[in-house]
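Take a moment to look over the chain from one end to the other.

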Amino acid sequence: MMHDAPGTGPLHGAARLEARVSAVVARALQRRGWRPAVSPHVGYGADGWVRVLARVLLVPPGSSRVGVRDARGWRRFVTTEAPGVPVTVRVGSHLHHAISDREGYLDLRLPSDLEPGWSRVTFTLEDAEPVEAPVHVVGPETRTGLVSDIDDTVIETMLPRPLVAFRNAFFARESTRRAVPGMSELYAQITAAHPDLFVVYLSTGAWNLAVPLNAFLARHGFPQGPLLLTDWGPTESGWFRSGQDHKRTELRRLVDDLPGLRWLLVGDDGQHDPLLYAEAVAAAPDRVLGVAIRQLSLTQQVVIHGNATAPDRPTVGDGSGAAAPVLAPDGYGLADGLRARGIVLDRRPI
């Protein structure tokens, strides 16, 4: 999770070690003329507020770019964060001042006078040109939101398979990755039925992958929306972050932040999406429009888990409505299942 200021609490030993190493690297790079720059991410909001997301990193002299659209994977992870950097954020007519946290992140909920729909906010560092980021402001008439997982839901990754995950994350170009069949068509149908649909992509992937992931989504015709990713480094309390906790926390925040929306939750059965979505149904059944789970093949399940059974099965409800997920191996089957459940697509209202 990101924070809007450097942490003040006690840090786990791994986090302290990471901070010391990063500080040594940062000082060496700054002596060579490297300077801070903002890597902005898509944000979202509603009436009176927006959540803006960005990271401050060090870049070489003469460069203002902090992300490469289709670089080889390992280059995305060779970054040096810039903590404690003052950043000015303009949101409509409001001007806000913030400081990057210990990992260079900004995750801010700010007052806003932006109109519903897509707008832009600007981030400015001292002696640097402003950098813009899109934000989707959810209007009072919007009633439907779509939460989508990424790995093995829209992109074929087999992420839990260590060697394939390592190859995909550190070596493969994003242009070589394959989309899950029928998923972009499914999302296009939902978007056609709801032109003001709010879409958000929730994943345990690293923020370093945001630029190529956005490029992949755009290239394959997926609707634009904020990415809610995480960081793979140590936390303030341990060596590793919990992907489940990240998704659970962000789902709860979305439901709380946008009380006027009912959510269609889309994921896969390769990891924990069925369980997490079942928890969301149990916690707020009136806020979940439906659950759609892409089923991995028998071969994929065996490779990932060592057996042919998915790790988590939803057990909420009586087998009807939002409590009963639609299951299919691709987007075409999920579209058919959603129609059969009365979650009608193709320009007819849900």
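A residue is called buried when its relative accessible area is under 20%. With that cut-off in hand, turn to helix 5, residues 210-219. Its buried residues are Ala 210, Pro 212, Leu 213, Ala 215, Phe 216 and Leu 217. After helix 5 comes Gly 221, and its phi is positive, near 80°.

Now step back to the whole chain. This is a predicted model. The chain holds nine helices and 13 strands. It has 350 residues, and 51% of them count as buried. Look at the contacts with a separation of 6 or more: 71% of them join residues 24 or more positions apart.

What sits inside? In soluble globular proteins, nonpolar side chains tend to be buried together. Here the largest nonpolar core has 54 residues. Those with the most contacts inside this core are Val 147, Tyr 187, Phe 198, Leu 258, Trp 263 and Leu 265. Apart from it lies another core, of 23 residues, including Val 50, Val 52, Leu 125 and Val 135.

Leaving out residues up to four places away in sequence, Val 147 touches Val 200, Leu 202, Leu 251 and Leu 254, among others. Its partners also include Trp 263, Leu 264, Leu 265, Val 266 and Tyr 277.

Next, find a pair of helices. Helix 6 spans residues 243-257 and helix 7 spans residues 273-283. They pack at an angle of about 30°, and their axes are 11 Å apart. Because angles under 35 degrees count as roughly parallel, helix 6 is roughly parallel to helix 7. The crossing of the two is right-handed. Which residues meet there? On helix 6 they are Gln 244, Lys 247, Arg 248 and Leu 251. On helix 7 they are Asp 273, Leu 275, Leu 276, Tyr 277 and Glu 279.

Helix 7 has other neighbours too. Its buried residues are Asp 273, Pro 274, Leu 276, Tyr 277, Ala 278, Ala 280 and Val 281. These pack against helix 6, strand 8 (144-148), strand 11 (262-268) and strand 12 (288-294).

Ala 133 lies in strand 7, residues 131-137. Is Ala 133 buried or exposed? Its relative accessibility is 1%, so Ala 133 counts as buried. Beyond its neighbours within four places in sequence, Ala 133 is in contact with Pro 40, His 41, Ser 119, Arg 120, Val 121 and Phe 123. Val 121 is twelve residues from Ala 133 in sequence, yet their C-alpha atoms are 5.4 Å apart.

Val 199 is in strand 9, residues 198-206. Val 199 counts as buried because its relative accessibility is 2%. Setting aside residues up to four places away, Val 199 touches Leu 146, Pro 223, Gln 224, Gly 225 and Pro 226. Pro 226 is 27 residues from Val 199 along the chain, and 7.3 Å separates their C-alpha atoms.

Finish with two loops. Asp 127 is in the loop between strand 6 (117-124) and strand 7. Asp 127 is not a glycine, but its phi is positive, about 60°. Asp 152 is in the loop between strand 8 and helix 3 (162-170). Asp 152 also has a positive phi, near 65°. Now check their surroundings. Asp 127 counts as exposed, at 76% relative accessibility, whereas Asp 152 is buried, at 3%.

Key. Residues numbered from 1 in each chain as written. Predicted model: local features only at pLDDT ≥ 70, side-chain atom pairs only at ≥ 80, totals over all residues. Heavy atoms only, no water. Helix = DSSP H or I, 4+ residues; strand = E, 2+ residues; numbered from the N terminus. Buried < 20%, exposed > 50% of the residue type's maximum accessible area, 1.4 Å probe, protein only. Contact = heavy atoms within 4.5 Å. Core = buried A, V, L, I, M, F, W, Y, C linked by side-chain atoms within 4.5 Å. Axes fitted to C-alpha atoms, helices over the stretch in contact; angles between N-to-C directions. Parallel < 35°, antiparallel > 145°, perpendicular 65-115°, else oblique. Left-handed = near helix turned anticlockwise from the far one by under 90°.
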